[in-house]
Amino acid sequence: MWNSIKAAWNGTDGSEETGSVPVYNFDQMKQIVGQHDPTVVLVDVREPSEYSVVRIPGSINIPYRTHPDAFTLNDAEFQSSFGVPKPAHNKELIFFCASGMRASKAEQVASKNGYNNTSIYKGSMNDWVAHGGDKLNL
């Protein structure tokens, strides 16, 4: 179902594409979060101190600043470092951070390490919070 929604966007409703990397907007992310699609992994690359304050529901925390090499780790090292299984290469990884800078860098690392289905939520947490997106406040 998610793939048909993704294909239908086709860049006509505010989605963008940079090179071959899709870029999602708030409305698209809201829909993705609501669907709980097991083929999509929301990757928050902010630091744990940022993640502990507010986060997008269903996201995992893989901090880019302190672990820029996260997606080069083997499965056991990844699990040990982050407490979650390393995402399978066939899943779509949607990267976001506070404003989009770290997300772009993390996406590039993942792409260079065998992840062919990556995308970015360019507005990231600043955009999510500004639009009143559902969030976990801890």
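Visitor: Which residues line the largest cavity?
Guide: Val 45, Ile 62, Tyr 64, His 67, Pro 68, Ala 70, Phe 71, Ala 106 and Val 109 do. Here a cavity is a set of points on a 1 Å grid over the protein atoms alone where a 1.4 Å probe fits but cannot get out, and lining residues have an atom within 4 Å of a point. Keep in mind that this is a predicted model, where local features need pLDDT of at least 70, side-chain atom pairs count only at pLDDT 80 or more, and totals for chains, interfaces and linings use all residues. Residues are numbered from 1 along each chain as its sequence is written, and side-chain values use heavy atoms, with hydrogens and water left out.

Visitor: What's its volume?
Guide: The largest cavity has about 40 Å³, counted as the space filled by probe spheres set on the points, which are joined across faces, edges and corners.

Visitor: OK, new topic. Is Glu 92 buried or exposed?
Guide: Glu 92 counts as buried because its relative accessibility is 2% (buried is under 20% relative accessible area, with a 1.4 Å probe and protein chains only).

Visitor: Which side chains does the Glu 92 side chain make polar contacts with?
Guide: One is Tyr 24, at 2.8 Å, and another is Ser 119, at 2.7 Å. A polar contact is a pair of N or O atoms within 3.5 Å; within protein, one must be able to donate a hydrogen and the other to accept it, and residues adjacent in sequence count only if both atoms are side-chain atoms.

Key:
On a 1 Å grid over the protein atoms alone, a cavity is a set of points where a 1.4 Å probe fits but cannot get out, and a pocket is an open set with protein on both sides within 12 Å along at least five of seven lines; lining residues have an atom within 4 Å of a point. Buried means under 20% relative accessible area, exposed over 50%, partly exposed in between (1.4 Å probe, protein chains only).
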